[in-house]
Amino acid sequence: MAGKWEEIDQYARQWIEEAGRRIRASFAEQLTVETKENRNDLVTNVDRGIEQFFAEHIRRQFPGHHILGEEGFGDELAVLDGIVWIIDPIDGTMNFIHQQRHFAVSVGIFEDGVGRLGYVYDVVFDELYSAQKGRGVFFNGKPLDRLQPVPIAESIIAVNATWLMENRRIDHRPLVRLAKEARGTRSYGSAALELAYVAAGRLDAYISPRLSPWDFAGGMILIEEAGGIVTNLDGKPLNLLSRNSVLAAKPGVHEEILQRYLRQ
Ligand code: 2AM
Ligand code: CA
Ligand code: CA
Ligand code: CA
């Protein structure tokens with residue numbers, strides 16, 4: 001049906017803007033901070049309030065759509081049939097609490113598992129990265145260039161320092177070699193923003209051994225629409241209903257990281 005995605009896009013933008021206003025207004029108020037899985041895994045009343053705001057509006061406007069969200073206001077989904085909104089109300093909660101910047105609202109909208117609309121909104125900078133399948137990627141409404149290959153020696157790779165040290169999850173040594181051979185490394189503390197930076201060509205690759213669907217859903221749609229590649233660290237497609245490792249990069253860079261660093 002023509003116009004269906006335009007309508008959904010308009011509502012998504014409207015709610016993301018309103019979420020941004022509410023988050024900025026929250027800076028003037030007292031935050032309630034709690035921990036989740038461990039002492040550095042944080043959540044605030046604002047994370048919960050924003051996800052609840054999205055869930056209420058989506059359910060009222062689009063009762064047939066499904067919702068997957070970090071803070072539990074969405075649905076329990078076993079399949080990706082129909083239209084599914086995958087939402088992270090605040091991606092980079094630690095930055096939100098400690099720095100009051102470098103966090104984002106992330107929304108990915110899928111139809112039968114195919115990404116149709118993607119948004120990453122940098123609330124403090126008021127910068128919206130958006131994509132509609134088949135129409136390219138936009139930064140504050142301005143079209144972005146398609147991503148082109150670049151050598152590792154001229155690449156900036158985003159990776160958290162955790163994964164360059166010995167850790168429980170992966171063999172860190174190939175990533176240490178990659179970090180040495182790249183032009184530089186960065187770590188911003190918001191997976192959604194880092195994925196948006198890859199889509200915008202500011203980063204050449206982003207690597208994380210452990211993300212949830214709401215961390216990467218919006219950013220994945222942006223990158224694929226920009227001509228980049230998003231898989232897990234084995235080069236396989238991401239599962240939108242479970243945790244995944246993530247390798248997101250420009251074309252060429254993605255193959256080189258997989259072949260020269262991760263597969264050996
Ligand atoms: P969050 O802020 O929405 O929790 C931080 O390096 C990045 O990893 C953020 O995008 C953060 O999302 C994400 N992340 C995923 N799982 C996490 C966890 N268990 N603890 C902290 N950050 C996590
Ligand atoms: Ca979290
Ligand atoms: Ca997140
Ligand atoms: Ca979050």
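These legends accompany several close-up views of a predicted model.

**View 1. Two domains in one chain.** Let's start with the overall layout: the protein chain is divided into domain 1 (4-143) and domain 2 (152-262). Their C-alpha centres lie 21 Å apart. Where the two meet, domain 1 brings 32 residues to the contact and domain 2 brings 25 residues.

**View 2. The side of domain 1 that touches domain 2.** The most comes from β6, with 6 residues. By residue type, this side of domain 1 divides into 17 nonpolar, 10 polar and 5 charged residues.

**View 3. The largest nonpolar core.** This core has 76 residues, and L195, A205 and L222 are those with the most contacts inside it. Helix α5 (residues 191-199) gives the most to the core, with 8 residues. Both domain 1 (4-143) and domain 2 (152-262) give residues to the core, so it lies between them.

**View 4. A closer look at L222.** Which residues is L222 in contact with, leaving aside its neighbours within four places in sequence? On the list are G118, V120, Y129, A131 and V137, together with L195, A196 and A199. One of these partners, L195, is itself among the residues with the most contacts inside the largest nonpolar core.

**View 5. The annotated binding site.** An unreviewed UniProt entry carries the annotation "binding site" for E70, D88, D91 and D215. These residues are spread over 146 residues of sequence, yet they cluster in space, with a largest C-alpha distance of 9.5 Å.

View 6. D91 has its place in strand β4. Is D91 buried or exposed? It is buried, because 30 other C-beta atoms lie within 10 Å and 20 or more are enough to count as buried. Beyond its neighbours within four places in sequence, D91 is in contact with F103, A104, S106, S190, A191, A192 and D215.

**View 7. D215 in helix α6.** Our last stop is D215, found in helix α6 (residues 213-225). D215 is buried too, with 25 other C-beta atoms within 10 Å. Leaving aside its neighbours within four places in sequence, D215 is in contact with D88, D91, A191 and A192.

Note on methods:
Residues numbered from 1 in each chain as written. Chains lettered and ligands numbered in written order. Predicted model: local features only at pLDDT ≥ 70, side-chain atom pairs only at ≥ 80, totals over all residues. Core = buried A, V, L, I, M, F, W, Y, C linked by C-beta atoms within 7 Å. Buried ≥ 20, exposed ≤ 12 C-beta atoms within 10 Å, placed from the backbone. Helix = DSSP H or I, 4+ residues; strand = E, 2+ residues; numbered from the N terminus. Domains from an automatic or database assignment. Contact = placed C-beta atoms within 7 Å. Nonpolar A, V, L, I, M, F, W, Y, C, P; charged D, E, K, R; others polar. UniProt positions renumbered as here; feature names shortened; annotations may be inferred.
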